[in-house]
Amino acid sequence: AVGMNKTKMDLANMGSEATLRLLSPRDEISVIAIDSEPHIVVPMSKIEDNVGSFSKKILSIESTGGGIFTYTAIKAGVKEIQKSTSGTKHMILFADAADAEEAGDSVKVCQELFKSGVTVSVVALGQESDQDADFLKEVAKAGQGRIFFTEDAGSSGLFFLSGKMGLPRISRADMSAVCRRNAATMTSATK
């Protein structure tokens with residue numbers, strides 16, 4: 001458990017839900033929960049009038065055991081984000097900084113994603129000193145995104161609002177136009 005009696009899975013759920021609420025009805029989103037295999041919680045779709053139902057699905061994600069397979073998470077995210085018709089695409093990986101197993105070709109895939117126009121950021125649940133923190137930093141760097149470490153359930157959504165996880169390569173002046181045509185795929189690889 002982390003701060004405020006919340007688990008890392010709760011943090012991932014809260015961060016995913018906060019991201020959903022920042023997007024406009026015209027944006028697309030996909031949310032995938034990962035243990036040893038992907039579970040599509042919200043398939044790639046326009047948000048439209050679905051904020052309430054998507055929010056409920058996201059906040060009800062539970063840990064189902066098994067491993068925390070990062071490469072599996074990224075591959076599942078790739079499949080979902082390829083379904084998007086949006087011009088701007090961003091993948092956010094929520095991962096346990098102390099237990100991000102199965103590195104596989106994660107870094108290589110994130111480099112390829114960036115070359116195809118998809119940025120990848122990481123929300124690392126834990127501390128920079130955790131055993132898998134350096135690997136997660138490499139994933140974010142390869143995807144030309146950002147990384148944010150958190151253990152505080154109370155601020156899990158605040159980093160989105162503060163701009164710390166703002167879409168890379170986009171100025172504030174462009175943000176309102178881009179958000180109208182944005183797609184986000186979020187994968188959670190946590191226990």
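A salt bridge is a side-chain nitrogen of Lys or Arg within 4 Å of a carboxyl oxygen of Asp or Glu. In this predicted model, the side chains of Lys-137 and Glu-128 meet in such a bridge, with 2.9 Å from N to O. The structure holds three salt bridges. The mean pLDDT of the protein chain is 76, and 73% of its residues reach 70 or more. The points below treat confidence, charged pairs, nonpolar cores, helices, strands and loops in turn.

**Confidence in the model**

- Within the protein chain, confidence is highest in helix α5, at a mean of 96, and lowest in helix α7 (residues 172-179), at a mean of 28.
- Over residues 156-183 the pLDDT stays under 50, and for this stretch the model has 64 contacts beyond four places in sequence.
- Where pLDDT is low, the predicted coordinates should not be read in detail.

**Salt bridges**

- Side chains of opposite charge can pair when their charged atoms come close.
- Lys-137 also forms a salt bridge with Asp-134, with the closest N and O atoms 4.0 Å apart.
- Both Lys-137 and Asp-134 belong to helix α5 (residues 133-142), where they are three residues apart, about one turn of the helix.
- Through shared partners, salt bridges join Glu-128, Asp-134 and Lys-137 into one network.
- Lys-137 counts as partly exposed because its relative accessibility is 29%, which falls between the limits of 20% for buried and 50% for exposed.
- A further salt bridge links Lys-83 to Glu-80, whose closest N and O atoms are 2.7 Å apart.

**Nonpolar cores**

- In soluble globular proteins, nonpolar side chains tend to be buried together.
- The largest nonpolar core of this structure has 28 residues, and those with the most contacts inside it are Ile-74, Leu-93, Leu-113, Val-122, Leu-136 and Val-139.
- Two or more residues of this core come from each of β1 (28-34), α3, β3, α4, β4 and α5.
- Apart from this core lies another one, of 18 residues, which includes Ala-12, Leu-20, Val-31 and Ile-61.
- Beyond its neighbours within four places in sequence, Leu-136 is in contact with Leu-93, Ala-95, Asp-96, Ala-97, Ala-100, Val-122, Ala-124 and Ile-147.

**Helices**

- The buried residues of α5 include Ala-133, Phe-135, Leu-136, Val-139, Ala-140 and Ala-142.
- Among the elements that cover the buried residues of α5 are α3 (70-81), β3 (88-96), α4 (106-115), β4 (118-125) and β5 (144-150).
- Just after α5, Gln-144 takes a positive phi of about 55°.
- In helix α2 (residues 51-59), Phe-54, Ser-55 and Ile-58 are buried.
- These three residues lie on the same side of α2 because they cover an arc of only 100° around the axis.
- Asn-13 has its place in helix α1 (residues 8-22), and Asn-13 counts as buried at 2% relative accessibility.
- Leaving aside neighbours within four places in sequence, Asn-13 is in contact with Ile-58, Leu-59 and Ile-61.
- Asn-13 and Ser-60 are 47 residues apart along the chain, but their C-alpha atoms are separated by 7.8 Å.

- β1 pairs with strand β2 (residues 38-46) in the antiparallel sense, over six bridges.
- The link from β1 to β2 is a hairpin of three residues.

**Loop residues with positive phi**

- Glu-48 is not a glycine, yet Glu-48 has a positive phi of about 40°.
- Glu-48 is found in the loop between β2 and α2 and is partly exposed, with a relative accessible area of 46%.
- Glu-102, likewise not a glycine, has a positive phi of about 55°.
- The loop between β3 and α4 holds Glu-102, which is partly exposed at a relative accessible area of 32%.

Methods
Residues are numbered from 1 along each chain as its sequence is written. This is a predicted model: local features need pLDDT of at least 70, side-chain atom pairs count only at pLDDT 80 or more; totals for chains, interfaces and linings use all residues. Side-chain values use heavy atoms; hydrogens and water are left out. Buried means under 20% relative accessible area, exposed over 50%, partly exposed in between (1.4 Å probe, protein chains only). Helices (H or I, at least four residues) and strands (E, at least two) are DSSP runs, numbered from the N terminus. pLDDT is the predictor's confidence in each residue, from 0 to 100. Contact means heavy atoms within 4.5 Å. A nonpolar core is a set of buried Ala, Val, Leu, Ile, Met, Phe, Trp, Tyr and Cys residues joined through side-chain atoms within 4.5 Å. Two strands pair if DSSP finds at least two bridges between them. The arc is that of the directions from the helix axis to the C-beta atoms.
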